Amino acid sequence: MISDNEKKAVILEQTIRSLSHELKNPLTTIKGYSQLLNSKTDDKEFLRKCTNNILEQVEKINLVLNDLYRVFSFHPENITSVSSDLIIRRLHEIVETSVWKDKVELKHGDIRIDVNIDLEIVIQLLMTLMRGFQWEFFRSTSLELLLDVVDNRLALDLIFRGVDFNNINNENFFIPYLSKQFFVEGTELYDIFMISNACGIKFSMFRDVPPVFRMEIP
Amino acid sequence: MRANYKILIADDEKGIRELLKDLLSDSFEVETVDRGDTILDILSSKPFDIIILDLQLPGMTGIDVLKQINENKVKIAVVVITATNDVDTAITSMKLGVYDYLVKPFDTDKLLVIIKNIVEKLELENEVSKLRQQVGENFRFKNIIGKSPEMQKIFITLEKVIDTDSTILIIGDSGTGKEIIAKAIHYNSNRKQYPFRSLDCSTIPRDLIGSELFGHEKGSFTGAISRKIGKFEVATKGTLFLDEISNLSIDMQAKLLRVLQEKEFERIGGNQLIKVNTRIVAASNKDLRDLVKENQFREDLYYRLNVVPVYLPPLKERREDIPLFVDHFLNKYNSEYGRDLKIDLKARLFLTNYSWPGNVRQLENFIKRLILLSTANTADQDEVKSLLEFEETIMPPSGIDVISPKALNKEESISLIKSLEDMEKEYLEKVLRHFNYNISNTARALKISRKTMHNKLKRFNITIQKIASME
């Protein structure tokens, strides 16, 4: 049995490792081009290229840190009571009009529940997930959206079929850049987790084969 | 560094791909890839010499790419670059055959040194491969002297079996070319890119032969100050030639039989079983069947070795090859010694009809000696005959320049009782007479300097009678 502290230590280690990897890449480029600056001092074009690349990578590091910190200052502004019918209608619209409509399927039972959410944020989080997934490299993957009521809360299950998130589980899925193999930025699940948290929505991964994420909306 | 080495840079980070391309494209052909799952396709479509591989790649991790490179036996040097600085990853990578491992952000100078070392290693490997090919070419059947029907039959037999890994037993008198045939078997087979090793079982002391064959562990016996890898292991996937196999002790024969049967062995003093895939070619100048009857050779080992027997005829039974050998050795040693000696027709005929008890080795040594000692442009029959007769009286037929008691007649054997000094004087006088008291030629034959020669003449009080030279 692993204690809570040990679990936290593991999460912290994975977070630092993940972040370290993300930052070491631009640092490598900065270091490399700084060293190359001395090699072709009479080639103005090349010097310009070195300088530009160094500045670009500095900016990238800045963006990484900003992106990670940004979610801490998020505050939902428009939390209202929303019926499940409206949620279902909006989800249908999103799915039908998205470029991934062949890959995404919405399922639901006969649900009658009202919830307190900022619906547009939920839609944005869903879009973040769909936009961020690397569909072109995981061609046989499909996403099932399953809406149901669980413990008197509205549960939106996001079920990825046909892919194995082999290094991600319910304890570490939110670590930034850990899921970079499956998502373009690698911060999609982190963003959704943090923003959901800020909105009072519980976002968790509760099964890893097939990978299932659940938003529980109170 | 040469520009024709190709490097593939595999990193999902655009900045790093650009950096490495800028760093290396002056000296190498560089291509880049940003995903792990496309690397193997790229490597199979065109050859790369080096890959700089990030371990964190989308599509397929660098470790999985490494495993596939190993499974598919892709010949490429791998340099891993990674942001992870943990021992486990480093060990896993090294076990998968990675050349070197750099942690980001790495020093570009360090990467350049690694690439330079890889290029040097590749150039050495290319050179070894070329040399091996050249050596191999010398031993192709078509390049081995053997136009006689007997030798042609042997080549036909060997061509049928060279790629079957069956053991081959070569029986032939001393000097018939058993090792040449063993090398021909190796360099014409699909084992040619692997090592060829030989062991003359008659020259190694019996108590050390086990160590030579199987190696030993450090401390396994007095004098074993470090681990030694034996010839069986060194010749893995290649060929091990065991010459004079009849000289193996009965114990060693038993051990060899076990290795041939089980295809595994232990080093002396070791307890780890080592698998072998070494092809054995054995040779003997004695008929092993006779030794089996005399209980000096194990019958089961004999049958294990005698899967494909090859009987090399003595030179006198393949006279058609003698002129070819004469030409071959003339070319070889004329070139080596900067001479241009020819042999006239009568002399060639004489050589062709000579018995050659020492076989090809004797013929080779004779031609070498003739080139060294002849002062003519063309050696005639008299000169050839004279040198051969001299060899018969002074030297044993094996062509080794040692006086053996067996080569001496009755009077000479009585003179063994004389002092060494007397023997030396007699021998010196005999050689002088043979070379018509030509001091230079005599000195050369005896492999001493002219100064030493003069000292000996003075010491033994030998007076040179000046007569007309043979020239």
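1. In helix 6 of chain B, the residues B:Met151, B:Ile154, B:Phe155, B:Leu158 and B:Val161 are buried (buried means under 20% relative accessible area, exposed over 50% and partly exposed in between, with a 1.4 Å probe and protein chains only). Seen down the helix axis, the buried residues of helix 6 of chain B fall within an arc of 130 degrees, so they line one face of the helix; the arc is that of the directions from the helix axis to the C-beta atoms. An α-helix has 3.6 residues a turn, so residues three or four places apart point the same way. On the other side of helix 6 of chain B, B:Lys153 and B:Lys160 are exposed.

2. The model is predicted: local features need pLDDT of at least 70 and side-chain atom pairs count only at pLDDT 80 or more, while totals for chains, interfaces and linings use all residues. Residues are numbered from 1 along each chain as its sequence is written, chains are lettered from A and ligands numbered from 1 in the order in which they are written, and side-chain values use heavy atoms, with hydrogens and water left out.

3. Helix 6 of chain B covers residues 149-161, and its 13 residues should span 18 Å at 1.5 Å a residue; the end C-alpha atoms are 19 Å apart, which agrees. The expected span of a helix is 1.5 Å times one less than its number of residues. Helices (H or I, at least four residues) and strands (E, at least two) are DSSP runs, numbered from the N terminus.

4. The buried residues of helix 6 of chain B pack against strand 6 (168-172), helix 7 (178-187), strand 13 (279-284) and strand 14 (308-312) of chain B. The buried residues of helix 7 of chain B are B:Lys178, B:Ile181, B:Ala182, B:Ala184, B:Ile185, B:His186 and B:Tyr187.

5. Strand 13 of chain B contains B:Ala282, which counts as buried at 0% relative accessibility. Leaving aside neighbours within four places in sequence, B:Ala282 is in contact with B:Ile168, B:Leu169, B:Ile170, B:Phe241, B:Leu242, B:Ile245 and B:Leu305 (contact means heavy atoms within 4.5 Å). B:Ala282 and B:Ile245 are 37 residues apart along the chain, yet their C-alpha atoms are separated by 6.4 Å.

6. B:Ser440 lies in helix 19 (residues 439-446) of chain B and is partly exposed, with a relative accessible area of 26%. The side chains of B:Ser440 and B:Arg450 are joined by a polar contact of 2.6 Å. A polar contact is a pair of N or O atoms within 3.5 Å; within protein, one must be able to donate a hydrogen and the other to accept it, and residues adjacent in sequence count only if both atoms are side-chain atoms. B:Ser440 and B:Met453 are 13 residues apart in sequence and 8.7 Å apart in space, C-alpha to C-alpha.

7. A search of the whole structure finds 30 aromatic pairs over all chains. Rings of Phe, Tyr and Trp (its six-membered ring) pair if their centres lie within 6.5 Å; planes under 30 degrees apart count as stacked, over 60 as edge-to-face and the rest as tilted. One of the pairs, A:Phe160 with A:Phe183, is edge-to-face, at 6.2 Å centre to centre and 90 degrees between the planes. This pair links distant parts of chain A, 23 residues apart: A:Phe160 in strand 5 (residues 153-161) and A:Phe183 in the loop between strand 5 and helix 5 (188-198). Both A:Phe160 and A:Phe183 are buried.

8. In chain B, the rings of B:Phe214 and B:Phe232 have their centres 5.4 Å apart and their planes at 5 degrees, so the pair is stacked. The pair links distant parts of the chain, 18 residues apart, with B:Phe214 in helix 8 (residues 206-214) and B:Phe232 in helix 9 (residues 231-234) of chain B. B:Phe214 and B:Phe232 are buried.

9. Ring pairs also link a cluster in chain A that includes A:Phe133, A:Trp135, A:Phe160, A:Phe183 and A:Phe213. Two arginines lie over ring faces: A:Arg214 over A:Phe206, at 4.3 Å from the ring centre, and B:Arg35 over A:Phe137, at 3.1 Å from the ring centre. A charge sits over a ring if NZ of Lys or CZ of Arg is within 6 Å of the ring centre and within 35 degrees of the ring normal.

10. Chain A has five helices and seven strands, whereas chain B has 20 helices and 16 strands. Buried residues make up 47% of the 218 residues in chain A and 45% of the 471 residues in chain B.
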